[in-house]
Amino acid sequence: MDEVQLWSNWQAGRLADGVAFIGTFLAIWLALRTARMTRENSETNIFTKVLSSAFGLLVVAGSWTTWTVGANTWAITAGALDALEEKTEVAKGFIEYVGTTEPVQSPTPLGIAFLAVVTIMILSLIWAPKQN
């Protein structure tokens, strides 16, 4: 595979990752809305809180996976570019910018921080005592 094909594959991966990223934000919004509705409903019981918490945690876990796949689009492309015998300066710069040529096991640190905050928001909306 030559460098042009690798850049083309990277762009296709970025498009797919972009759509998935938008999907995660819609799912996060739905999880926050569900948590808020659980909090505001006077008929909410423990089962409902547990179910809403599970939904929120599953959304965060799915977002984690989706964002890890997105990070791997970059890392795997960097690895493929690094494997080429002849590299352009752009390819060398890309490899240096990405910082790894090995697949990653988690999203970027900023993504991890964001998902941690979302998790706290979801669980605190459901479980924190109401203030009158």
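Helix α2 gives the most to the lining of the second largest pocket, with three residues; helices here are DSSP runs of H or I with at least four residues, numbered from the N terminus. Before I continue, please note that this is a predicted model, in which local features need pLDDT of at least 70, side-chain atom pairs count only at pLDDT 80 or more, and totals for chains, interfaces and linings use all residues. Residues are numbered from 1 along each chain as its sequence is written, and side-chain values use heavy atoms, with hydrogens and water left out.

The second largest pocket holds about 260 Å³ of space. Its lining divides into eight nonpolar, three polar and no charged residues. A pocket is an open set of points on a 1 Å grid over the protein atoms alone, where a 1.4 Å probe fits, with protein on both sides within 12 Å along at least five of seven lines; lining residues have an atom within 4 Å of a point.

The largest pocket holds about 370 Å³. Of its 16 lining residues, the closest to the centre are Phe21, Trp67, Gly70, Ala71 and Thr108. Here α1 gives the most, with six residues.

Trp67 also touches Phe21, Pro107 and Leu115, among others, contact being heavy atoms within 4.5 Å.

Is Ser52 buried or exposed? Ser52 counts as buried because its relative accessibility is 7%, and buried means under 20% relative accessible area with a 1.4 Å probe, protein chains only. Leaving aside residues up to four places away in sequence, Ser52 touches Thr34, Thr38 and Ile126.

Notes:
Buried < 20%, exposed > 50% of the residue type's maximum accessible area, 1.4 Å probe, protein only. Points joined across faces, edges and corners; volume = space filled by probe spheres on them. Helix = DSSP H or I, 4+ residues; strand = E, 2+ residues; numbered from the N terminus. Nonpolar A, V, L, I, M, F, W, Y, C, P; charged D, E, K, R; others polar.
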